[in-house]
Amino acid sequence: MVKDAISSTRKRVVIRKLDKGLIKGFIEPHRYLSIDLEVLDRDGRLVHVPLSQVKGVFFVRDFEGNPDRAERKIFRSRPRLAGLWVRMTFKDNEVLEALLPNNLLDVDPLGFLVTPPDVYSNNLRIFIPRTALTEMEVLGVITDGVVRRMSQRAAQARIVAVGDQQFGLFGGTNPVESK
């Protein structure tokens, strides 16, 4: 008999609660988005944590991290990765900047899966529940460089080349034709 075809791989997480408590354990990446988080703690117990009590689910490299390293919570300059550059303010007034995917299909009604500003930190990704935030501000849209700006001369040449094929929408002459 073949069991469930879904992978049973669990990801290492540190859950920060709104009451400043921490839970370190493992979570299934395809099932963590629900009203209750199901975490297998390091002692092997299954713990249920209501999402309303969670400040953030930190997907980490290891549980201990580097206690001597001060992690950045804001970007020093414009981010290099593509996405929405956001600033989130938590209920306890902590501020965190991060990158959110610029894709509506990746937005979940329960919260946001973001990339933190310090790529060399122990935190790989962070899931922030909407209930933990008081404010979220989009600071910028960072593109991946595929979309290139046309120079003004190239744009004008394109308008002139296509201008003959355009029709007037409002009955007047075409602006390109009147020049």
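**View A. What lines the largest pocket.** The lining of the largest pocket divides into 13 nonpolar, six polar and ten charged residues. Here nonpolar covers Ala, Val, Leu, Ile, Met, Phe, Trp, Tyr, Cys and Pro, charged covers Asp, Glu, Lys and Arg, and polar takes the others, Gly among them. This is a predicted model, with local features needing pLDDT of at least 70, side-chain atom pairs counting only at pLDDT 80 or more, and totals for chains, interfaces and linings using all residues. Residues are numbered from 1 along each chain as its sequence is written, and side-chain values use heavy atoms, with hydrogens and water left out. Look for Arg-16, Phe-58, Glu-71, Asn-122 and Asn-123, which lie nearest the pocket's centre among its 29 lining residues. A pocket is an open set of points on a 1 Å grid over the protein atoms alone, where a 1.4 Å probe fits, with protein on both sides within 12 Å along at least five of seven lines; lining residues have an atom within 4 Å of a point. The space in this one comes to about 560 Å³. Strand 5 (54-60) gives the largest share of the lining, four residues. At least two residues each come from strand 1 (11-17), strand 2, strand 5 and strand 9 (123-129); strands are DSSP runs (E, at least two residues), numbered from the N terminus.

**View B. The second largest pocket.** This one holds about 360 Å³ of space. Its lining has 17 residues, and Arg-72, Phe-75, Arg-80, Pro-117 and Val-119 are the ones nearest the centre. By class, that's nine nonpolar, two polar and six charged.

View C. Seven strands line up in the order 4-3-2-1-5-9-8, with antiparallel pairing; two strands pair if DSSP finds at least two bridges between them. At the edges sit strand 4 (46-50) and strand 8 (111-114), each pairing on one side only. Zoom in on strand 2 (residues 22-27) and strand 3 (residues 36-41), and you'll find two bridges joining them. Phe-26 has Leu-40 in strand 3 as its bridge partner.

**View D. Two loop residues with positive phi.** Most residues other than glycine have a negative phi. Lys-20 isn't a glycine, yet its phi is about 75°. You'll find Lys-20 in the loop between strand 1 and strand 2; at 58% relative accessibility, Lys-20 counts as exposed (over 50%). Asn-93, also not a glycine, has a positive phi near 70°. Asn-93 sits in the loop between strand 6 (83-90) and strand 7 (95-100), and counts as exposed at 62% relative accessibility.

How values were computed:
Grid points are joined across faces, edges and corners, and a volume is the space filled by probe spheres set on the points. Buried means under 20% relative accessible area, exposed over 50%, partly exposed in between (1.4 Å probe, protein chains only).
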